[in-house]
Amino acid sequence: MRDAEGPDETIEQPLIRIFRFWLPLAATWLMMSAEGPLLAALIARLPDAKFNLAAYGVAFSFALVIEAPIIMIMSASTALVADSRSYRTLRNFTFALNLGVTALLLLLLIEPVFRLVMIGWVGLPVEVASLTRIALVILLPWPGVIGYRRFYQGILIRANQTRRVAYGTMVRLASMGVVAGGLFAWGRLPGAWVGAAALSSGVVAEAVASRIMVHGALSRLPAKNASEPADLDYPQIWSFYYPLALTSLLSVGVHPFITFLVAPSRLGLESLAVLPVVNSLVFVFRSLGLAYQEVGIALIGSRWEGYRPLRAFAGLLIVLATSALALIACTPLERLWFAGVSGLSPELAVLAGSTLLWLIPMPALSILLCFQRAMLVNLRKTRWITLATFAEVFVLAATLLAGIHWFDMVGALAAAGAMVAGRLLANWLLIRPLARGVRRRLGPA
């Protein structure tokens, strides 16, 4: 990466290239991050807002958990689809996973199973549980369709067609807007069902658009990639992917656990209502870095010449995202957002503002984690990612339990503090294995 022609060749141009590659993916995540606040604001303006916001948040959390094993397939397809043979092998693997996660959601929807989990274990009020069940029925296509479109989006990223990923998200948002607006105007469905219908229609439209747009990239795949020593087979995919799938399952699976603990806490129902609203806002700023995992995988280079520019760009994102969220959380913009834009009642808006203050570090910690994970995927050290995630979930759970049962904290505040504590530990645990891998690739800094 170093060059005799001066700093423009060594620093500026690589950063500009990263920016141009990252920008469409960041726009994709930003557009997706907008759907949460918009749907929450819509639900808050429909009847029985508190019950429906809680039901929507619970349904969405469980849909994310069931989707979790397929989330990392985008990273897998970005890293592994090098030719027609590897494409077909990973495609078959992905479709099998899609069927599996859809079957899991069907299992949860069986009446005795649903009542045991949602009322018996989670402790939801009957009114919230009945709204949640129909919302999950509407979300039935969600897990498999997410896996389908993420597989093809990874191929688009590898082919340097990140703009097409953003175009697909525009299709998703347009479809969601039409469905949500139409059902809102109709006014005969509970808000939780309106939100679920908008989400399902959006991901289906995006999946169809992604499959159409990837056609050209698939037609240009070589029959055999000369740089690959052997054909990709299912045991190799499983060895590479199962730590990533377990990582996603642990990361996302903590959300129902948070729901389980928060529901009976002090101000439990209010906490369940505000957490999806607050998390949706924080996700807007975390989204600046969520696309960075695939950027790091795609642009590292065969000799790791992209490592230092990628690290520098991650630092810039951390400063930008943290500063922007702090500006909202510590100024009257917070009240304007929660009470004005999100439509929360004064009581819920105050709780949401207090919760947001705890979560100011989350964008920085998430961007750092995405950078660390990208580098470890390039090093084929995916098991370290799983180990760090397991530790994060353990600390999050322990901290949340302590906050609620020992210190009698409000559920939303305890959850926010626990999320930050767990993420800090995950970042710390990945520092050493990443440093060792970088030294082997680049030598001492």
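Me: Before we start, what counts as a salt bridge here?
Reply: A salt bridge is a side-chain nitrogen of Lys or Arg within 4 Å of a carboxyl oxygen of Asp or Glu. The model is predicted, so local features need pLDDT of at least 70 and side-chain atom pairs count only at pLDDT 80 or more, while totals for chains, interfaces and linings use all residues. Residues are numbered from 1 along each chain as its sequence is written, and side-chain values use heavy atoms, with hydrogens and water left out.

Me: Which residue does Glu270 form a salt bridge with?
Reply: Its partner is Lys50, and the closest N and O atoms are 3.7 Å apart. Glu270 lies in helix H12 (residues 268–290) and Lys50 in helix H2 (residues 49–71), so this pair ties together parts that are 220 residues apart in sequence. Helices (H or I, at least four residues) and strands (E, at least two) are DSSP runs, numbered from the N terminus.

Me: Is Glu270 buried or exposed?
Reply: Glu270 counts as buried, at 15% relative accessibility. Lys50 counts as partly exposed, at 29%. The cut-offs are under 20% relative accessible area for buried, over 50% for exposed, and partly exposed in between (1.4 Å probe, protein chains only).

Me: What else does Glu270 touch?
Reply: Besides Lys50, Glu270 touches Glu347, Leu348 and Leu351, not counting residues up to four places away in sequence. Contact means heavy atoms within 4.5 Å.

Me: How many salt bridges are there in the structure?
Reply: There are 7. One of them joins Asp408 and Arg266, at 3.6 Å from N to O. Asp408 lies in the loop between helix H18 (382–406) and helix H19 (411–442), and Arg266 in the loop between helix H11 (234–262) and H12, so the pair ties together parts that are 142 residues apart in sequence. Asp408 is partly exposed at 45% relative accessible area, and Arg266 is partly exposed at 43%.

Me: Changing topic. How many aromatic pairs?
Reply: The count is 15. Rings of Phe, Tyr and Trp (its six-membered ring) pair if their centres lie within 6.5 Å; planes under 30 degrees apart count as stacked, over 60 as edge-to-face and the rest as tilted. Tyr87, Phe95, Tyr148, Phe151 and Tyr152 are linked into a cluster by ring pairs.

Me: What does the secondary structure come to overall?
Reply: The protein has 19 helices and 0 strands. Its radius of gyration is 22 Å, close to the 22 Å that the globule rule gives for 445 residues, so the protein is as compact as a globular protein of that length. That radius is taken over C-alpha atoms, and the globule rule is 2.2 Å times the number of residues to the power 0.38. The C-alpha atoms fill a box of roughly 65 × 40 × 35 Å along the principal axes.

Me: What share of the residues is buried?
Reply: Buried residues make up 57% of the 445.

Me: Why is helix H13 largely enclosed by the rest of the structure?
Reply: Helix H13 (residues 292–299) has 7 of its 8 residues buried, so the rest of the structure largely encloses it. Among the buried ones are Tyr292, Glu294 and Leu299. Gly301 follows H13 and has a positive phi, near 90°.

Me: Which residues other than glycine have a positive phi?
Reply: Among them are Asp48, at about 55°, and Trp304, near 60°. Most residues other than glycine have a negative phi. Asp48 sits in the loop between helix H1 (7–44) and H2 and is exposed, with a relative accessible area of 55%. Trp304 is in the loop between H13 and helix H14 (307–329) and is buried, at 3%.
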